[in-house]
Amino acid sequence: MDPQNASPFIQLGSYYLRIDDLNAAIQRLETAIQLKPGDLDAHELLGHAYYRDNDLFSARAQWDYVLEIEPKRKNLAALYEKAFREESVEYDFNRWKSRHFRISYPQEVPNSLRANVFSILDRAYIDIGRQMGGVFPPPPIHVILYLADQFSEATQLEGHIGAVYDGKIRSPLTDFEGAWLPEDELRRRLTHEYVHVVARHIAGDNVPWWLNEGLAETLSRSLRDGDVNRLREMYAEGAAFTLYELEDNQINKQPPTTLRLAYLQSHATVELLWNRFGRAKMMAFLNALGSGMRYEEAFQTTYRRTFAILERDVAAMYR
Ligand SMILES: [Zn+2]
């Protein structure tokens, strides 16, 4: 009704960001800023849109402006630092795109490896999309590939973390000795991270850690004999976590051996749900989470049982 009112454009921009339609978001937010220059919300959101589109320089320009006026703006200084770090590692990276993915990668990467990465990702797009009931997130899905030391520098993650999804898939292509990762290992890591893309597309950020990681593990690799033995030991020692303890991303800060067990238990838990109750239930669970339901309420509505019963069922399998 009032074409000069910036506020609906800001809200639309925020909405399009939420559903990953970056072009639509950028357009609305730029309009909002034309109508109301200096609106901090609009500038901050536009920064987010550019960042998600992997235009780090433009993102920082928006956030710079906001931080100049309001240095203590919630979470923004940390995000600005993150973008700055990434930009300093990735400034001379090559870029390449397919229908669904945009890839940035260091100049050292041979064309054959780049082609391999694309075929792994395109395969995951189809396979995981189908396995999860026909879910195909809109392009662009950003993938940033690094040498091992660049990965540590850009993400500040420790050496035992294989890859990460933080709105963009980030993975090293080499080990710390500089050798290219074997294709199987690369496929496992990229497929794992791609499952996170799909889960986020369905349920946003309202996914417990164990479900997110368990699903990514279940759909990217099988439990091996060694894993099963380790799970048996863990349950025999009474060292298993509660699902409540595995809810939060803080678990990532645990030492490598503890974290490894947390992954294994999450994998075993989701594998049981997937094998016993099927894909449709899993998707219903994710959709319930996507509607904003609390974790256990969404679980109970879908599976007609409590977390305590699920914990007991998983424990029974490894006795
Ligand atoms: Zn993961």
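1. A crossing of two helices is called left-handed if the near helix is turned anticlockwise from the far one by less than a right angle, and right-handed if it is turned clockwise. The model discussed here is predicted, so that local features need pLDDT of at least 70 and side-chain atom pairs count only at pLDDT 80 or more, while totals for chains, interfaces and linings use all residues. Residues are numbered from 1 along each chain as its sequence is written, and side-chain values use heavy atoms, with hydrogens and water left out.

2. The crossing of α1 and α2 is left-handed. Helices (H or I, at least four residues) and strands (E, at least two) are DSSP runs numbered from the N terminus. The axes of α1 (residues 7-18) and α2 come within 8 Å and cross at roughly 160°; axes are lines fitted to C-alpha atoms, for helices over the stretch in contact, and angles run from 0 to 180 degrees between N-to-C directions. The two helices α1 and α2 are therefore roughly antiparallel (angles under 35 degrees count as roughly parallel, over 145 as roughly antiparallel, 65 to 115 as roughly perpendicular and the rest as oblique).

3. In the contact of α1 with α2 (heavy atoms within 4.5 Å), α1 contributes residues including Phe-9, Ile-10 and Leu-17, and α2 contributes residues including Leu-22, Arg-28 and Leu-35. This contact divides into 11 nonpolar, 2 polar and 1 charged residues. Here Ala, Val, Leu, Ile, Met, Phe, Trp, Tyr, Cys and Pro count as nonpolar, Asp, Glu, Lys and Arg as charged, and the others, Gly among them, as polar.

4. Helix α2 (residues 22-35) also packs on α3 (residues 40-52), with axes that come within 9 Å and cross at roughly 155°. The pair α2 and α3 is therefore roughly antiparallel, and its crossing is left-handed. Among the contact residues are Ile-26, Glu-30 and Ile-33 of α2 and His-43, Leu-46 and Arg-52 of α3. By class, the contact of α2 with α3 has 10 nonpolar, 1 polar and 2 charged residues.

5. For α11 (residues 256-290) and α12 (residues 295-303), the axes come within 9 Å and cross at roughly 130°. That angle makes α11 oblique to α12, and α11 passes α12 in a right-handed crossing. Contact residues include Leu-273, Phe-277 and Lys-281 of α11 and Tyr-295, Phe-299 and Tyr-303 of α12. The contact of α11 with α12 comprises 11 nonpolar, 1 polar and 1 charged residues.

6. The structure holds 1 cavity of 30 Å³ or more. On a 1 Å grid over the protein atoms alone, a cavity is a set of points where a 1.4 Å probe fits but cannot get out, and lining residues have an atom within 4 Å of a point. The largest cavity has a volume of about 190 Å³, a volume being the space filled by probe spheres set on the points, which are joined across faces, edges and corners. It is lined by 16 residues, of which Asp-20, Pro-140, Ile-141, Tyr-165 and Gly-167 are the closest to its centre. The elements giving two or more residues to this lining are β3 (141-146) and α8 (183-203), and α8 provides the largest share, 3 residues. By class, the lining has 9 nonpolar, 3 polar and 4 charged residues.

7. Two backbone features remain. Pro-139 and Pro-140 are joined by a cis peptide bond, with omega about 0°; Pro-140 lies in the loop between α6 (111-131) and β3. Gln-156, in the loop between α7 (148-155) and β4 (164-165), has phi near 60°, a positive value in a residue other than glycine.

Notes: 1 Å grid on protein atoms, 1.4 Å probe; cavity = no way out; pocket = protein on both sides within 12 Å on 5 of 7 lines; lining within 4 Å.
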